[in-house]
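Reader: I am new to reading protein models. Could you take me through one, feature by feature?
Author: Gladly. Here it is.

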Amino acid sequence: MLTLDKVFDAQVVLRDIIRETAVVRAYGIAPECELYLKPENLQITGSFKVRGSAYKIALLSEEEKKKGVIACSAGNHAQGVALAASKNGIKSIICLPDSAPISKVEATKSFGAEVCLVEGCYDDAYKKALELKESEGYTFVHPFDDENVIAGQGTIGLEIINDIDNIDAVIVPIGGGGLISGIAYAVKHIRPSIKVYGVQAAGAPGMYNSVKDGKIECLDSVQTIADGIAVKQPGENTFKFVGKYVDDIALVTDDEISSAILALIEKQKMIAEGAGAAAVAAAMFGKFPIKGKRVVSVVSGGNIDVTSLSRVIGRGLLKSGRSSSLVFELIDKPGQLKEISAIIADCGGNVTGVYHERGDTESVNGCFLKVEMETRDYNHVQLITKSLRDAGFKIVK
């Protein structure tokens, strides 16, 4: 049974295992509120997951430790279990979906675990792990639906309250719900006036749908760049805790998550994975009533694949109006590109790419010209667009 005493016990047990991540003030990301970040992306293994798994493993009997442990994960829980097991001299086997980033697979191996890649998503890896648990006698370390794991994650709530006074709200990403269950349980028992808000990716709204409909539901599929929270179905324990202690849940799109990743890099010099940036995206895009409030967004992890990061940055630039393109229909004659470039430059934009194509235009001498630009924001794009139209250029896209 989860109790506040258990959360405090977890804090003591984890003292020599995890890093206590200090809350930091964030500037220029969500100007309408006083935003702080709980940077679990700086945690050992790069994610909060090590807290719950390490506490769970610490409580195993000697007989259970001899048999070893098994877990399933999109990556971060895998690393937490692998590290905790290695510290205790325990064998660990981790089932990961084959879509997990290579960086997370290799990191899991580096912490001493045996990796079993499973075709599909997290839920498919979960089924495989249960099969191996039954056949081999391993102890299963659930990534979220275990009260000892939840107690370990609850230590984040204790640290937030200890770091900052007069908090109005805490925003937490939700996948299966273990992180928000632990934080909400600890926060609401110590300072019930603090609002606890949850955030899910729009492409994986398992908990959001379940809470809205009042029953646990399983999604047919999940699709999001936030692989750490791409879970089809919440757990029984986490569904209960979220329903009791969480004030509201909202959804963020992949574009909003990408913008948050970009903002964290530029404003905070901080790398977050998709799941880790979800709570920041919620603050940035006004998903909750936090105007003028003191708010903490939990940056749950930073294990993003480098190749994925470049794509996410590009998407974030487009979403925030920092990168844009215009397509012109022109009469193909000398000087057109020069005039267009001059107008863009006069407006403070920077041309980064030009593509010329003869196509199906109204004139036999017509062409299409696509111009890619670096811009400041959407207002800047509108200024450039208006200036070009005022100069007589036909913009078709």
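Reader: Let us start with one residue. Is Lys128 buried, partly exposed or exposed?
Author: A word of care comes before that: this is a predicted model. Now the residue. Lys128 has 31% relative accessibility, so it counts as partly exposed. The cut-offs are under 20% for buried and over 50% for exposed.

Reader: Where is Lys128 found?
Author: Lys128 belongs to helix H6, residues 122-136.

Reader: Which residues does Lys128 touch, leaving out those up to four places away in sequence?
Author: They are Cys95, Cys116 and Val118. Distance in sequence and distance in space are separate things to read. Take Lys128 and Ala71. They stand 57 residues apart in sequence, and their C-alpha atoms are 9.6 Å apart in space.

Reader: Now a contrasting case, please. Is Val298 buried or exposed?
Author: Val298 is buried, and its relative accessible area is 0%. This residue is found in strand E10. Leaving out residues up to four places away in sequence, Val298 touches a list that includes Lys38, Ile160, Val172, Leu179 and Ala279. Ala279 is 19 residues away from Val298 along the chain, with 6.2 Å between the C-alpha atoms.

Reader: How do I read a sheet? In what order do the strands stand?
Author: Begin with the general idea. In a regular strand the side chains alternate between the two faces of the sheet. Now this case. Six strands make an open sheet in the order E1-E2-E10-E7-E8-E9, and the pairing is mixed.

Reader: Which strands stand at the edges?
Author: Strand E1 (24-25) and E9 do. Each has a single partner strand, so one side of each has no neighbour in the sheet.

Reader: How many bridges join E2 to E10?
Author: Six bridges join them, and the two strands run parallel. E2 covers residues 34-39. Lys38 has Val298 in E10 as its bridge partner.

Reader: What about E8? How many bridges join E7 to E8?
Author: Five bridges join E7 (residues 169-173) to E8, and these strands run parallel. Pro173 stands opposite Val199 in E8. Between the two strands the chain passes through H8, and this β-α-β crossover is right-handed. On to E9, residues 248-252: E8 and E9 pair over five bridges, in the parallel sense. Here Ala201 has Val252 in E9 as its bridge partner.

Reader: How many residues of E8 are buried?
Author: Six of the seven are, so E8 (residues 195-201) is largely enclosed by the rest of the structure.

Reader: Next, a helix. How far does H8 reach from its first C-alpha to its last?
Author: General idea first. An α-helix has 3.6 residues a turn, so residues three or four places apart point the same way. In this structure, H8 has 13 residues and reaches 19 Å, close to the 18 Å expected at 1.5 Å a residue.

Reader: Why is H8 called largely enclosed?
Author: Because 11 of its 13 residues are buried, H8 is largely enclosed by the rest of the structure. Among the buried ones are Gly178, Leu179, Ile183 and Tyr185. The buried residues of H8 pack against helix H1 (4-13), helix H7 (147-163), E7, E8, H10 and strand E10 (294-299).

Reader: Last topic: rings. How many aromatic pairs are there?
Author: A pair of aromatic rings is described by the distance of the centres and the angle of the planes. The count here is six aromatic pairs, with ring centres within 6.5 Å. One of them is Tyr185 with Tyr245, an edge-to-face pair: 5.5 Å centre to centre, 80° between the planes. Tyr185 lies in helix H8 and Tyr245 in helix H10 (residues 236-245), so the pair ties together parts that are 60 residues apart in sequence. Both residues, Tyr185 and Tyr245, are buried.

Reader: What is the geometry of the pair Phe328 and Phe393?
Author: Edge-to-face, at 6.2 Å centre to centre and 80° between the planes. Phe328 lies in strand E11 (residues 323-331), and Phe393 in the loop between helix H15 and strand E14, so this pair ties together parts 65 residues apart in sequence. Phe328 and Phe393 are both buried.

Reader: Which residue has its charged end over the ring of Tyr27?
Author: Arg25 does, 4.6 Å from the ring centre. Arg25 also lies over the face of Tyr36, at 5.5 Å from the ring centre.

Terms used
Residues numbered from 1 in each chain as written. Predicted model: local features only at pLDDT ≥ 70, side-chain atom pairs only at ≥ 80, totals over all residues. Heavy atoms only, no water. Phe/Tyr/Trp six-rings, centres within 6.5 Å; stacked < 30°, edge-to-face > 60°. Helix = DSSP H or I, 4+ residues; strand = E, 2+ residues; numbered from the N terminus. Buried < 20%, exposed > 50% of the residue type's maximum accessible area, 1.4 Å probe, protein only. Lys NZ or Arg CZ within 6 Å of the ring centre and 35° of its normal. Pairing = 2+ DSSP bridges. Right-handed = clockwise from strand over helix to strand, strands pointing away. Expected span 1.5 Å × (residues − 1). Contact = heavy atoms within 4.5 Å.
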